[in-house]
Amino acid sequence: MRQRRTFIFSCLCFGYAFLYIPILTMIAWSFNDSRLMSVWTGFSLRWYQALWQNEQIIDAALLSLRIAFVSATFATLLGTLAALAMSRLGRFRGRTAFSGMLAAPLVMPEVITGLSLLMLFVSLQGLLGWPAKRGADTIAIAHITFAMAYVAVVVQARLTAMDRSLEEAAMDLGGRPMGVTLDITLPLIAPAMLSGWLLAFTLSLDDLVIASFVSGPESSTLPMVIYSKVKLGIAPDVNALAAVIVSIVGLGVLAAGWLMLRTARRHTTGAP
Amino acid sequence: MQESDNNQFRNPWEDPAAAPFIRIDGLRKEFDGFPAVDGVSLNIYKGELFAILGGSGCGKSTLLRMLAGFEAPTAGQVFIDGVEMTHLPPFARPTNMMFQSYAVFPHYSVADNVAYGLKKEGVGKGEVRARVQEMLELVQLQEFAKRKPRQLSGGQQQRVALARALVKRPKVLLLDEPLAALDKSLRERTQFELMNIQDQLGITFILVTHDQEEAMTLATRIAVMDAGRFVQVGTPTEIYEYPNSRFVADFIGTINLFRCHQRGNDGTAVVACEETGVPIQADLPEAELPDAFDVAVRPEKIRLSRQTPEGEGLTILHGMVEDLAYYGNHSLYRVRTDQGKLVQVSSQNAHRSAELALEWDEQVYLSWPKDCSVVLTQ
């Protein structure tokens with residue numbers, strides 16, 4: 001029994017170590033004074049200062065955030081509509097085909113998605129003259145296309161789990177279909193829509209492959225900049241950037257956990 | 001009070017001149033070619049508490065959902081108060097429904113739940129508040145008006161659902177298994193509350209249930225449903241005392257069935273029965289009887305005695321107590337007759353003394369008068 005516990009405990013430690021030691025090492029090295037990754041010469045914040053002054057990285061980060069925000073919002077909108085159609089329209093013509101095509105981007109290799117979208121944009125440019133150049137717009141469109149499928153899956157799961165009689169009751173009480181969707185359905189799937197939005201935001205933020213295919217010369221997203229910098233050798237300011245990102249994500253997770261705990265407490269104590 | 005011309009009828013359904021409040025005419029619903037409701041016609045009168053009773057999958061819920069407007073009938077018509085409703089959407093019907101799952105909106109407070117229907121109707125703010133208050137008082141939830149549904153018990157949520165359905169003053173209230181999710185004592189209390197509320201408001205109730213006890217206690221009339229059709233429609237007494245088929249007899253309460261043959265042409269009141277060895281006394285229907293049919297007897301109609309019973313028109317069997325169960329207010333006996341047929345008998349324990357109490361393996365006579373024998377041909 002005791003042996004078993006020791007074994008399980010060491011497995012746990014090893015697993016966590018495997019996950020987090022690389023990240024922690026990277027954060028530690030971001031405070032190294034030296035340019036070299038192999039020698040520790042002392043504690044310094046100079047790479048954070050260098051990061052702050054690196055316009056290329058700052059611009060790329062802002063561009064990534066902008067694209068992520070826009071594409072997550074549109075993906076949530078379209079994905080929710082698709083989920084509503086899938087779970088509330090009954091058995092319409094072509095439902096099976098639609099359902100399969102909605103899930104396809106989830107399993108499609110990113111290289112294929114990226115390549116096909118690139119070809120689409122190129123031929124559209126030839127035919128219609130739009131998009132005039134590839135850049136933030138085309139990246140956003142590409143991200144909407146594949147993130148929409150993730151949102152649809154998340155929202156559809158919530159819609160399927162939802163008690164249909166809630167909507168029927170609202171309709172029975174005099175609600176028109178549109179009103180019922182606004183009064184009952186949307187508030188109840190809002191948490192799923194929020195998770196879908198966050199998922200789409202994250203997917204867009206760290207996508208490298210698809211963005212590389214459909215971006216233009218003047219629009220490099222943050223992952224693209226990091227990747228190209230690392231190709232020229234590990235730069236300490238990239239370490240600093242990673243540390244900043246990890247702290248932001250960590251804080252976000254902590255805040256979300258705290259919020260959830262607070263709501264759960266409120267539900268159990270019954271206070272308004 | 002003014003005397004009407006047709007006051008010789010105590011109940012509207014006995015009066016052929018009475019206009020039905022709800023008229024269901026040849027209603028049919030198919031799912032993928034399979035009929036869930038298979039041509040049902042029915043008149044329901046104003047102020048009735050009508051129960052549709054049947055096992056799961058008999059089509060009773062589909063029928064209710066067609067009345068509410070959630071399912072479009074394949075064929076047939078529905079009229080409520082003289083207006084055709086067959087193809088109207090739920091929000092355009094003067095019906096409200098109480099769902100089995102209660103379907104209380106989780107993100108609204110109790111008061112907002114009840115107010116929803118009135119707001120959709122465009123009722124003014126002040127009136128909404130007054131009517132919601134009135135309804136919450138009716139279901140005794142005034143103190144809970146600001147609570148969210150998750151802070152309420154199942155019984156309280158059900159009362160919210162009831163108040164929400166009644167606040168719009170529907171012409172018909174539809175109830176889908178209203179008491180199924182409540183525990184026994186709460187169920188009994190709610191039964192009486194429902195009957196009181198129905199009495200107070202005079203709204204016509206149609207309820208769907210699989211629980212025969214619930215139907216018997218609540219309803220003015222019951223329709224027993226099987227495989228998409230009504231097997232029998234009648235008052236609880238009619239259904240219980242005069243079932244028209246083996247299905248109804250079996251579904252409502254327990255009953256003893258004896259397989260019988262008519263003895264020659266002379267027997268008008270006596271039928272032969274191999275299962276009992278002795279003929280059974282019964283009032284035979286006027287219509288021609290088939291070669292084989294059943295005679296049904298309710299367990300509480302049979303008397304047990306140690307001495308040979310005497311009387312006109314009694315069917316008398318002899319057997320041995322094989323099993324007995326004491327329930328306090330009554331006891332259940334299973335008696336094996338000399339011919340090997342197992343008969344269920346229930347008897348009231350009206351007296352406290354145990355001198356009459358029968359024991360296991362005791363020899364007894366069973367007897368019942370002929371008007372308690374029900375002849376079932378289908």
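Two strands are said to pair if DSSP finds at least two bridges between them. Helices (H or I, at least four residues) and strands (E, at least two) are DSSP runs, numbered from the N terminus. This is a predicted model, in which local features need pLDDT of at least 70 and side-chain atom pairs count only at pLDDT 80 or more, while totals for chains, interfaces and linings use all residues. Residues are numbered from 1 along each chain as its sequence is written, with chains lettered from A and ligands numbered from 1 in the order in which they are written.

In chain B, four strands form an open sheet in the order β2-β1-β4-β5, with antiparallel pairing. At the edges stand β2 (34-44) and β5 of chain B, each with a single partner strand, so one side of each is left without a neighbour in the sheet. Within the sheet, β1 (residues 22-31) of chain B pairs with β4 (residues 75-80) of chain B in the antiparallel sense over five bridges. Here Ile24(B) has Val78(B) of β4(B) as its bridge partner, and Arg23(B) stands opposite Phe79(B) in β4(B). Phe79(B) also stands opposite Glu84(B) in β5(B). The antiparallel pairing of β4(B) with β5 (residues 83-84) of chain B runs over two bridges. These two strands, β4(B) and β5(B), form a hairpin with two residues between them, and Asp81(B) in the turn has a positive phi of about 55°.

Helices accompany the strands of chain B. Helix α1 (residues 60-68) of chain B lies across β1, β2 and β4 of chain B, running at about 65° to β2(B). Such angles run from 0 to 180 degrees between N-to-C directions, and axes are lines fitted to C-alpha atoms, for helices over the stretch in contact. Residues are in contact if their C-beta atoms, placed from the backbone, lie within 7 Å. Further along, α5 (residues 184-201) of chain B has 18 residues and reaches 26 Å from its first C-alpha to its last, close to the 26 Å expected at 1.5 Å a residue (1.5 Å times one less than its number of residues). Gly202(B), with a positive phi near 65°, follows α5(B).

In chain A, the axes of α6 (residues 136-161) and α8 (residues 177-205) come within 9 Å and cross at roughly 155°. This makes α6(A) roughly antiparallel to α8(A) (angles under 35 degrees count as roughly parallel, over 145 as roughly antiparallel, 65 to 115 as roughly perpendicular and the rest as oblique). Residues making the contact include His143(A), Tyr150(A) and Arg158(A) of α6(A), and Ile189(A), Gly196(A) and Leu203(A) of α8(A). By class, this contact of α6(A) with α8(A) has twelve nonpolar, four polar and one charged residues. Ala, Val, Leu, Ile, Met, Phe, Trp, Tyr, Cys and Pro count as nonpolar, Asp, Glu, Lys and Arg as charged, and the others, Gly among them, as polar.

Helix α6(A) also meets α4 (residues 95-107) of chain A, their axes coming within 8 Å and crossing at roughly 115°. The helices α4(A) and α6(A) are therefore roughly perpendicular to each other. Among the contributors are Leu102(A) and Pro105(A) of α4(A), and Phe146(A) and Tyr150(A) of α6(A).

Finally, the chains meet: 18 residues of chain A are in contact with 19 residues of chain B. On the side of chain A that touches chain B, the largest share, seven residues, comes from α7(A).

Note on methods: Contact = placed C-beta atoms within 7 Å.
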